[in-house]
Amino acid sequence: MRSFRLPRRRFLTLGGASLGAALLGGCDVSDSPDVVSILDSAEGLTYRAQRLLGGRHSMAREFSAADLSPVFKVNGTHKPEGDEYAALVESNFVDWRLRVDGLVARPLDLSLEDLRNLPQRTQITRHDCVEGWSAVGKWQGVPLSILLQRAGLLPAARFAVFHCADWYEHALDGTGQYYESIDLIDAFHPQTILAHSLNDAPLPVGHGAPLRLRVERQLGYKHAKYVMRVELTDRFDNIGRGKGGFWPDRGYEWYAGI
Ligand SMILES: Nc1nc2c(c(=O)[nH]1)N[C@H]1C(S)=C(S)[C@@H](COP(=O)(O)O)O[C@H]1N2
Ligand SMILES: [Mo]
């Protein structure tokens with residue numbers, strides 16, 4: 001299994017932008033001047049040192065075309081409600097823009113074409129849903145690391161939050177909007193991509209058109225579909241019900257490692 005693990009001691013002193021730059025460059029990070037601990041979080045430490053230093057940096061298994069599932073189940077939202085999303089589908093997403101903002105130096109506003117013109121990654125991986133089904137699909141998209149590098153993380157950034165176009169009506173407290181969040185370790189993982197294609201075709205509506213997250217070391221519900229905005233933050237207790245994601249807000253683990 002391939003790995004991009006960093007030496008233990010260096011890793012503990014890394015954080016924020018320096019972590020990203022280091023992983024991207026694959027370079028020696030020991031002289032990084034920008035030292036922000038990612039371990040001194042007030043937030044419970046579900047990803048405490050053990051996990052950080054363990055398998056979080058290894059690659060998820062990749063498969064071959066022969067392994068592709070004949071049918072890839074659509075789960076959760078099949079199509080976001082509302083006129084706004086309907087209009088986007090109608091115009092084939094030409095007016096859709098992905099916003100990357102929050103704790104970044106240069107907010108981005110990217111069309112689907114912009115995203116297709118950036119460096120791409122293709123991966124055949126297995127999606128595992130907590131409900132007990134799996135499917136192998138071929139995903140193509142832009143590594144999240146590329147977008148974060150272009151936007152330039154501010155040192156305070158600790159999480160990437162994915163805001164989605166769909167919401168669940170029955171959440172009467174107004175927290176029904178789907179969202180998810182990951183830390184910067186997963187954000188800069190080489191297999192973390194914002195995918196616009198599934199099995200060599202544009203992402204179908206059911207699977208999250210025009211753009212969905214693939215975060216291959218975690219369970220299905222982390223893979224936000226219908227991503228409209230990526231917000232860099234230092235906290236998520238002020239979003240939704242405060243647990244970092246639609247399903248985490250409803251009792252599932254925030255860190256859903258597999
Ligand atoms: N925006 C959004 N993203 C979502 C969901 C959802 O309902 N809305 N469901 C999640 C769950 S539980 C799973 S298993 C996968 C399903 O992805 P698929 O429909 O492409 O199989 O999307 C995840 N991402
Ligand atoms: Mo799921």
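Reader: How much space lies in the largest pocket?

Author: The structure above is a predicted model, and this volume is computed from it. In the largest pocket, the space comes to about 350 Å³.

Reader: Which residues lie nearest the centre of the largest pocket, and how does its lining divide into nonpolar, polar and charged residues?

Author: The lining of this pocket is made up of 23 residues, and those nearest its centre are Asn-75, Gly-76, Tyr-178, Gly-220 and Tyr-221. When the lining residues are sorted by kind, with Gly counted as polar, they come to ten nonpolar, eight polar and five charged.

Reader: How many helices and strands does the protein have, and what share of its residues is buried?

Author: The secondary structure comes to seven helices and ten strands. A residue is called buried when its relative accessible area is under 20%, and of the 258 residues in the protein the buried share is 53%.

Reader: Which residues of H6 are buried?

Author: Helix H6 is mostly covered, since six of its eight residues are buried, and just after this helix Gly-152 takes a positive phi of about 75°. The buried residues in H6 are Leu-144, Ser-145, Ile-146, Leu-147, Leu-148 and Ala-151.

Reader: Which residues does Leu-115 touch, leaving out those up to four places away in sequence?

Author: Leu-115 is one of the residues that touch the most other members of the largest nonpolar core. With residues up to four places away in sequence not counted, Leu-115 touches Trp-96, Leu-98, Leu-110, Gln-120, Val-142, Leu-147 and Leu-211.

Reader: How many residues does the second, separate core have?

Author: This second core stands apart from the largest one, and its members include Cys-129, Trp-133, Ala-195 and Leu-203. Cys-129 counts as buried because its relative accessible area is 12%, which is under the cut-off of 20%. The number of residues in this second core is nine.

Reader: How many disulfides are there in the model?

Author: A disulfide is a covalent bond between the sulfur atoms of two cysteines. A pair counts here if its sulfur atoms lie within 2.5 Å, and by this rule the count of disulfides is zero.

Technical notes
Residues are numbered from 1 along each chain as its sequence is written. Chains are lettered from A and ligands numbered from 1 in the order in which they are written. This is a predicted model: local features need pLDDT of at least 70, side-chain atom pairs count only at pLDDT 80 or more; totals for chains, interfaces and linings use all residues. Side-chain values use heavy atoms; hydrogens and water are left out. A nonpolar core is a set of buried Ala, Val, Leu, Ile, Met, Phe, Trp, Tyr and Cys residues joined through side-chain atoms within 4.5 Å. Buried means under 20% relative accessible area, exposed over 50%, partly exposed in between (1.4 Å probe, protein chains only). Contact means heavy atoms within 4.5 Å. On a 1 Å grid over the protein atoms alone, a cavity is a set of points where a 1.4 Å probe fits but cannot get out, and a pocket is an open set with protein on both sides within 12 Å along at least five of seven lines; lining residues have an atom within 4 Å of a point. Grid points are joined across faces, edges and corners, and a volume is the space filled by probe spheres set on the points. Helices (H or I, at least four residues) and strands (E, at least two) are DSSP runs, numbered from the N terminus.
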